[in-house]
Amino acid sequence: MAETAVASGAADTARKTPLVVRFAGDSGDGIQLAGLEFAKSTAEAKSDFMTFPDYPAEIRAPAGTLFGVSAYQIQFDSDEVLTPGDEADVLVAFNPAALKTNLQNLKAGGVLVVDETHFDNRGLKKAKLETNPLEDGSLDGYQLITADVVKRTIEALAPLELGRKQATRAKNFWVLGLVYWLFGRPVEPTEAWLKSKFRKTPEVAEANTMALKAGHAYAETIELSAVRDYAEPRVAKGKNRSRIISGTQAMAYGIAAISALGKRDVVYCSYPITPASILLHALARFEAGIRTFQAEDEIAAVSAALGASYAGSLGITASSGPGLSLKTEAMGLGVSVELPLIVIDVQRGGPSTGMPTKPEQSDLSMAVYGRHGEAPVPVLAPATPDECFWIMLEAARAAIDAMTPVIVLSDAYLANAASDWELPDIDAIPDIDWPEHEPNGADFEPFARDPETLARPWVAPGTPGHAHRIGGIEKSSGSGHISYDPDNHEEMTRLRAEKIDRLAARWPEVTIEDGPEDGDLLVIGWGSTYGSIAQAVRELNAEGKRIAHVHLRHLNPLPRGLPELLDRFPHAVTVELNTGQLCSMLRSAYLKPVECISQVNGQPFQVSKLRDEFTRRLEALAT
Amino acid sequence: MNIMDVKQLSANDFGSDQEVRWCPGCGDYAILKVVKTVLADIGRSPDEVVFVAGIGCAARFPYYLSTYGFHTIHGRAAAVATGVKLANPDLDVWVVGGDGDFMSIGGNHTLHALRRNVDLNLLLFNNAIYGLTKGQYSPTSPVGTRSPSTPGGSVEQPVNAASFALGAGAKFVARGADTLQTHLPGVLKRAHDYRGASFVEILQNCIVYHDGAFGAINDRSESQNVTVRLEHGQPMLFGKENDKALVFNEQKGTFEVAELSQLDSETNVAVHDETNIDRAFALAQMEQPGHPVPLGVLYAEPCPDFVEARGFTGTRSAWDRDALKALL
């Protein structure tokens with residue numbers, strides 16, 4: 001085989017359409033880093049974009065194995081980008097295993113960049129390949145670009161006199177340089193970032209920079225003309241230089257905003273769990289405003305958060321499914337003593353350990369119903385990385401206004417997916433009001449209620465003249481004294497539920513995202529499926545189909561306006577990364593024959609799959 | 001600070017209007033009385049004091065005080081109290097629980113509150129039985145305890161609470177007994193004054209399900225013969241006539257009992273050093289019969305308190321809108 005090859009398979013049809021790039025390799029290859037740098041370069045280029053890291057749970061799975069493959073995908077365009085894309089225009093594969101597991105994600109005729117270093121007997125065997133795909137003709141339908149990346153990286157770094165192993169580590173930047181050239185991206189911003197990132201180890205910065213430039217120069221030298229059109233800029237209208245934000249980082253900023261706008265330190269307590277730990281990492285970096293606490297277990301985390309709320313701060317805890325199970329008893333206490341608390345569940349494939357790095361929406365039922373006794377709590381779900389910022393403020397207001405624990409349902413996709421982010425106008429956000437109490441507690445009753453919100457007063461220890469006792473035993477309405485009175489328990493149970501239901505009046509009425517106000521098919525989504533549903537519905541609307549999309553951010557209580565919407569469409573279907581949990585809730589709440597498009601494979605919905613599903617249903621309705 | 005600080009507080013100022021619902025004769029009454037006295041002696045307003053409890057007979061404690069109180073869930077009081085401290089380090093926070101709360105379902109939280117040295121006063125009411133659930137053996141019940149769940153007698157080794165606390169890295173470990181009304185206040189005062197996690201095991205008699213579990217220890221007339229009262233820097237003598245002594249066997253690393261009159265010299269009597277962790281472990285291992293049970297402060301060593309070490313003070317946010325804009 002030639003040392004390099006530019007095979008032109010299918011004819012290049014590059015118009016200024018959205019582009020999708022996917023990087024795949026060993027989890028130790030620096031795939032996520034290369035992908036993130038490409039995303040930053042995309043932000044510099046003022047395109048609209050969305051990214052999706054798809055990585056295994058193992059930190060460093062054995063090199064070259066199929067289960068150790070990590071991937072990072074990004075879609076960018078001048079128009080609004082709602083998803084990381086179904087199929088890639090360009091796939092970068094660092095080894096045979098990455099090629100084998102990711103080729104299905106590449107469009108027919110797409111560009112395939114392959115590091116051929118490991119396509120020897122050993123590498124092929126690890127990837128369980130019988131023949132070498134670079135030679136057996138199986139890649140004929142793609143525009144193949146191969147390079148002996150390891151060898152070329154070592155050659156490029158020769159002046160630094162590094163060991164082979166150390167030099168090889170820079171190979172992701174060599175490949176990144178090549179990809180930059182493909183898309184007409186300058187290397188300078190990444191070079192500057194490397195310099196600042198590795199300012200304490202300038203030799204590492206230098207090695208990576210040299211590799212980056214060498215890859216870029218290599219691409220230029222071999223003249224990859226067949227794909228040069230990818231370099232056409234895709235500048236989004238009205239876009240200033242935007243920044244990248246992942247759902248996790250947005251959530252961290254949202255929590256910071258609670259502290260700044262409430263003028264009270266937030267106490268954030270959590271126990272390490274994938275994929276929620278990265279939120280703890282993000283918050284721990286803040287030097288003020290947030291008091292982070294890595295607790296000894298999930299129960300301690302939620303208990304300490306509740307203790308912090310009791311003491312007048314706002315306690316927040318986050319976890320994933322297994323942790324949410326452990327937190328439920330303390331959340332029940334929060335419901336009983338009526339204290340604010342935010343519990344974030346970054347959902348992942350379950351049950352049990354399940355698939356810790358893969359998204360799923362399968363904790364909805366647990367969030368809404370999963371506590372002993374009658375213990376309703378508000379449940380919110382952000383739809384995009386950007387909304388992860390705003391949902392935290394809304395959760396804080398709900399928790400304080402109704403004096404209740406609130407669950408926020410995110411997932412592994414939203415936590416890791418990143419998009420460009422328009423900075424919020426901080427001055428336009430109202431304060432978060434903490435209640436103040438007069439130092440006169442003679443008639444103070446800890447379970448007297450606000451007639452409008454039904455919330456009880458929040459009086460923290462240290463407030464003069466208001467010392468009182470609360471606990472998980474049923475309390476007498478008003479005085480809060482222990483009470484086993486039957487009528488009182490009935491009253492308190494109904495008050496606690498009514499208090500949550502009344503939140504719906506304060507929340508916005510649900511509206512159609514895309515599509516006609518009445519029509520043939522109503523699609524109901526929630527959480528991270530937003531982008532895929534919106535894209536599919538917009539495409540079908542453009543074809544004249546009478547399909548509409550509503551997206552629920554409020555799952556308990558359900559938002560106002562939803563039953564009326566259901567009345568306006570003969571057919572309604574939920575789209576969920578579970579087996580139909582929202583669907584069951586809606587059927588139960590509204591007695592409507594709602595159906596479900598369900599997927600539980602640990603992956604986000606592909607737009608094409610939803611298009612097919614919607615189309616099939618629309619056709620069935622027409623006949 | 002408020003108006004209540006102006007006048008001298010009395011024990012009555014710390015009692016609530018709630019009817020106490022422990023069984024008649026329960027050791028908890030005696031502890032409640034001592035705690036109220038100690039709180040009055042400490043002199044902080046009830047508005048600045050918080051009692052956090054888990055679940056069990058002992059955990060009803062907050063309802064019977066006039067301070068702020070939070071009756072939480074089984075085993076988690078130390079974790080909740082840690083959150084209280086994180087949010088407002090200025091509060092005086094006490095944690096009350098039984099042997100089930102502290103040593104069984106909440107053992108993990110006890111361990112971590114102690115090793116972190118969170119500034120809490122942790123009071124373990126140890127009666128070596130599950131009272132509220134009607135008498136099952138507990139993790140501190142001696143081998144052979146007959147109970148509804150162990151009709152043939154329990155076979156498990158009990159946990160030694162003081163040893164557990166020392167092993168967890170506690171820097172303040174003390175022990176008292178419910179009925180020793182002149183001894184217990186001093187122990188609780190010391191616990192309060194220690195900045196960090198102070199662990200106090202209070203031997204408490206359950207009159208219904210485990211009466212006499214601690215033998216003569218909490219029998220005021222006999223206690224002197226079966227306990228040794230620890231005083232830092234003082235020789236370790238015990239017995240009604242102070243006629244028995246503890247001698248430290250350097251080779252074995254254990255304390256041995258001797259008749260004072262039989263010793264060659266009084267200088268052979270061990271002197272209590274509450275800063276010596278090895279001696280503290282040796283003391284914690286001393287049990288009846290064979291040894292007097294040590295009461296008082298077994299170990300006290302200054303150590304940075306967790307919340308202070310993290311740099312958290314007050315309750316207000318250091319941030320405002322401008323800080324948030326700068327952050328973004």
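**View 1. Gly471(A) and His71(B) are bridge partners where two chains meet.** In β2(B), His71(B) is the bridge partner of Gly471(A). Strand β16 of chain A (residues 469-471) and β2(B) run in the parallel sense and pair over 3 bridges. Two strands count as paired if DSSP finds at least two bridges between them. Helices (H or I, at least four residues) and strands (E, at least two) are DSSP runs, numbered from the N terminus. This is a predicted model, in which local features need pLDDT of at least 70 and side-chain atom pairs count only at pLDDT 80 or more, while totals for chains, interfaces and linings use all residues. Residues are numbered from 1 along each chain as its sequence is written, and chains are lettered from A and ligands numbered from 1 in the order in which they are written.

**View 2. Here is the side of chain B that touches chain A.** The contact takes 52 residues from chain A and 44 residues from chain B; two residues are in contact if their C-beta atoms, placed from the backbone, lie within 7 Å. On the chain B side, β2 (68-71), α2 (77-87), α4 (107-116) and α10 (321-327) each supply at least two residues. Which element gives the most? That is α2(B), with 8 residues. By type, this side of chain B divides into 21 nonpolar, 15 polar and 8 charged residues. Here Ala, Val, Leu, Ile, Met, Phe, Trp, Tyr, Cys and Pro count as nonpolar, Asp, Glu, Lys and Arg as charged, and the others, Gly among them, as polar.

**View 3. Helix α1 of chain A is mostly covered.** Of its 14 residues, 10 are buried, including Ile31(A), Phe38(A) and Ala43(A). A residue is buried if 20 or more other C-beta atoms, placed from the backbone, lie within 10 Å of its own. Just after α1(A) comes Lys46(A), with a positive phi of about 65°.

**View 4. Three strands of chain B form an open sheet.** Their order is β10-β11-β12, and the pairing is antiparallel. Both β10 (237-238) and β12 (254-259) stand at the edges with a single partner strand each, so one side of each is left without a neighbour in the sheet. Between β10(B) and β11(B) (residues 244-249) there are 2 bridges, and Phe238(B) stands opposite Lys244(B) in β11(B).

**View 5. Chain B has 10 helices and 13 strands.** Its C-alpha atoms fill a box of roughly 75 × 45 × 40 Å, taken along the principal axes. Buried residues make up 52% of the 328 residues in chain B.

How values were computed. Buried ≥ 20, exposed ≤ 12 C-beta atoms within 10 Å, placed from the backbone.
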